Amino acid sequence: MDWTPTISELNGPRYQRIVDTMEADIAAGRLVRGQQLPTQRALAKALGIDLTTVTRAYTEARRRGIMEARVGQGSFVSETSVRRAVDLPHPVAIDLAMNVPPHPLEAQLDERIIAGLEAIRAQSGLTAHLNYQPPGGSAHERAVAARWMRARVPHAHADKLVIFPGTQTILFNLLAHLARPGDVVLTEALTFPGIKAAAARLGVKLVGIAMDDGGVLPDALAKACRAHKPKAVYLIPTLQNPTTATLLPERRSAIARIISDADTMLIEDDAYSLLDRSALPIANLIPERTYLATTLSKCIAPALRVAYLVTPNESSQQEMRNYLQATVQMPAPLMVALVTHWIETGIADRIITAIRSEAIGRQQLAQRTLKGFQFLAKPAAHHLWLRLPEGRPDVAAHLLRNGLAIVAGEAFTVDGTAPHAARVSLGAARNRAELTEALRILVGALHRPADTRQIV
């Protein structure tokens with residue numbers, strides 16, 4: 001038996017001491033993800049306690065998400081802190097559709113949420129964050145966020161920054177601010193469905209710009225600017241959704257020049273760049289023409305609903321605060337306080353590092369499993385862009401019938417024919433074992449002959 005907890009020095013019921021020691025040993029690296037734990041009988045014998053106490057401890061450990069039981073194999077340290085799938089729509093069993101970050105045990109999210117809230121309670125009390133707050137965050141919260149962002153965005157300052165409840169709210173409010181019904185906004189030919197939904201609701205016309213595997217083509221952007229006189233250009237330059245394309249520095253420079261020459265504005269969706277910090281935002285080249293949106297949804301957790309908008313100047317910052325107040329009033333103050341605490345103490349960066357490492361591991365797994373198929377991917381991305389076999393328009397539907405969800409190309413196309421491809425998200429699988437099974441099902445579907453049944 002490799003693990004025997006030392007529980008004599010702790011207080012509380014014995015079962016609780018076992019679980020607390022397990023958590024402490026995981027945090028200290030004495031227990032690692034996927035490590036097999038002793039059987040309940042073996043641990044009871046080693047500790048000299050009754051079996052029911054160990055059974056209760058293992059049940060509590062599973063409830064906390066730090067241990068998982070595998071039928072016929074035994075008990076193991078969990079790979080992630082995510083528990084059972086409670087929100088997947090029927091008939092989905094494994095979700096490769098939702099583009100969310102994985103939550104490896106190394107991120108210690110459960111523990112850090114509890115510790116962070118306790119720190120906030122000790123400093124100011126939790127109820128202080130249950131009332132109305134200034135729209136866009138307090139001066140202190142914006143200053144902390146701005147200092148954190150300045151490592152990548154030198155012009156980020158509190159008087160140009162607004163805290164929003166997620167990027168989707170930013171996009172809706174920016175389109176409402178910059179365009180009117182019938183106005184044109186340019187975007188990649190394949191783009192984030194959220195911008196499509198916001199534009200449709202506001203009556204703004206999106207026009208797609210041609211892309212290659214390296215992202216949007218500068219010549220195509222320049223031509224579209226001349227033809228349409230757009231009110232804004234919306235781009236995801238880093239780990240683009242859905243293609244994972246990341247613009248090289250020379251393309252970023254060319255795009256910055258084109259936007260300046262066209263006398264328009266850039267909406268830069270910086271959702272994924274904290275996973276790949278080698279690529280600096282286009283906003284650094286044209287800060288006076290860029291609204292830069294950075295969110296924690298893809299690098300920590302979407303339900304935090306915390307995103308930062310860096311505006312071109314102080315007047316546009318105030319304008320966006322007004323829009324925020326008129327639509328959703330403010331982000332959730334308690335969540336902003338928690339994130340601010342994490343940033344100030346360096347915890348946010350440690351969480352992001354753990355999630356980035358897990359994303360890299362999942363991409364490596366996908367590379368091995370999908371060898372021989374055509375797809376675009378980047379090492380730290382949460383997704384990949386898979387080219388589907390020709391003559392197989394039914395792949396996504398077939399997978400769904402078998403309990404596996406991916407997103408077909410038509411969800412991302414702005415205009416024209418949808419590509420015969422799909423986005424495969426790797427982060428939503430609860431652990432690497434589940435991801436392996438999902439990719440096995442996917443490979444089987446890709447090898448499967450086309451359905452020749454006649455539909456009448």
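Me: How many bridges join S4 to S12, and what makes these two strands a pair?
Reply: Four bridges join S4 to strand S12 (residues 307-310), and the two run antiparallel. Pairing needs at least two bridges, so S4 and S12 count as paired. As one example of a bridge, isoleucine 163 has tyrosine 308 in S12 as its partner. Keep in mind that this is a predicted model.

Me: Which sheet do they sit in, and what is its strand order?
Reply: An open sheet of seven strands, ordered S4-S12-S11-S10-S9-S5-S6, with mixed pairing. From one strand to the next, the twist averages 20°.

Me: Which strands are called edge strands there, and why?
Reply: Strand S4 (161-164) and S6 are the edges: each of them pairs on one side only.

Me: What makes S5 and S6 a pair, and in which sense do they run, parallel or antiparallel?
Reply: Strand S5 (residues 184-188) and strand S6 (residues 205-209) share five bridges and run parallel. The cut-off is at least two bridges, so they count as paired. Across that pairing, valine 185 stands opposite leucine 206 in S6.

Me: How does the chain get from S5 to S6, and why does that crossover have a handedness?
Reply: The chain goes through helix H7 (residues 193-202), making a β-α-β crossover that is right-handed.

Me: What does S5 do on its other pairing, the one with S9?
Reply: S5 and strand S9 (residues 232-235) pair in the parallel sense, over three bridges. Valine 185 turns up again here, standing opposite alanine 232 in S9.

Me: Why is S5 described as largely enclosed?
Reply: Five of its five residues are buried, so S5 is largely enclosed by the rest of the structure. Buried here means under 20% relative accessible area.

Me: How do you know that both faces of S9 are covered?
Reply: Look at each side in turn: Ala232 and Tyr234 are on one, Val233 and Leu235 on the other, and all of them are buried.

Me: Which strand does S9 pair with over four bridges, and how does the chain reach it?
Reply: That would be strand S10 (residues 265-269), again in the parallel sense. Leucine 235 has glutamate 268 in S10 as its bridge partner. The chain crosses from S9 through helix H9 (residues 249-261) to S10, and this β-α-β crossover is right-handed.

Me: Where does threonine 244 lie, and is it buried or exposed?
Reply: Threonine 244 lies in the loop between S9 and H9. Its relative accessibility is 0%, so it counts as buried. Its phi is near 70°, a positive value in a residue other than glycine.

Me: And lysine 229: buried or exposed, and how do you know?
Reply: Exposed, and the value tells you why: its relative accessibility is 61%, while the cut-off for exposed is over 50%. Lysine 229 is found in the loop between helix H8 (218-228) and S9, and its phi is near 45°, a positive value in a residue other than glycine.

Me: What kind of peptide bond joins asparagine 241 and proline 242?
Reply: A cis one, with omega about 20°. Proline 242 lies in the loop between S9 and H9.

Me: Which residues lie nearest the centre of the second largest pocket?
Reply: Asn99, Phe192, Asn241, Tyr272 and Lys298, out of 22 residues that line it. The second largest pocket holds about 370 Å³ of space, and its lining divides into twelve nonpolar, six polar and four charged residues.

Me: Which residues line the largest cavity, and how do they divide?
Reply: Gln133, Pro134, Gly137, Glu141, Met330, Pro331, Pro333 and Val336. They divide into five nonpolar, two polar and one charged.

Key
Residues are numbered from 1 along each chain as its sequence is written. This is a predicted model: local features need pLDDT of at least 70, side-chain atom pairs count only at pLDDT 80 or more; totals for chains, interfaces and linings use all residues. Side-chain values use heavy atoms; hydrogens and water are left out. A crossover is right-handed if, with the strands pointing away from the viewer, the path from the first strand over the helix to the second runs clockwise. On a 1 Å grid over the protein atoms alone, a cavity is a set of points where a 1.4 Å probe fits but cannot get out, and a pocket is an open set with protein on both sides within 12 Å along at least five of seven lines; lining residues have an atom within 4 Å of a point. Grid points are joined across faces, edges and corners, and a volume is the space filled by probe spheres set on the points. Ala, Val, Leu, Ile, Met, Phe, Trp, Tyr, Cys and Pro count as nonpolar, Asp, Glu, Lys and Arg as charged, and the others, Gly among them, as polar. Buried means under 20% relative accessible area, exposed over 50%, partly exposed in between (1.4 Å probe, protein chains only). Axes are lines fitted to C-alpha atoms, for helices over the stretch in contact, and angles run from 0 to 180 degrees between N-to-C directions.
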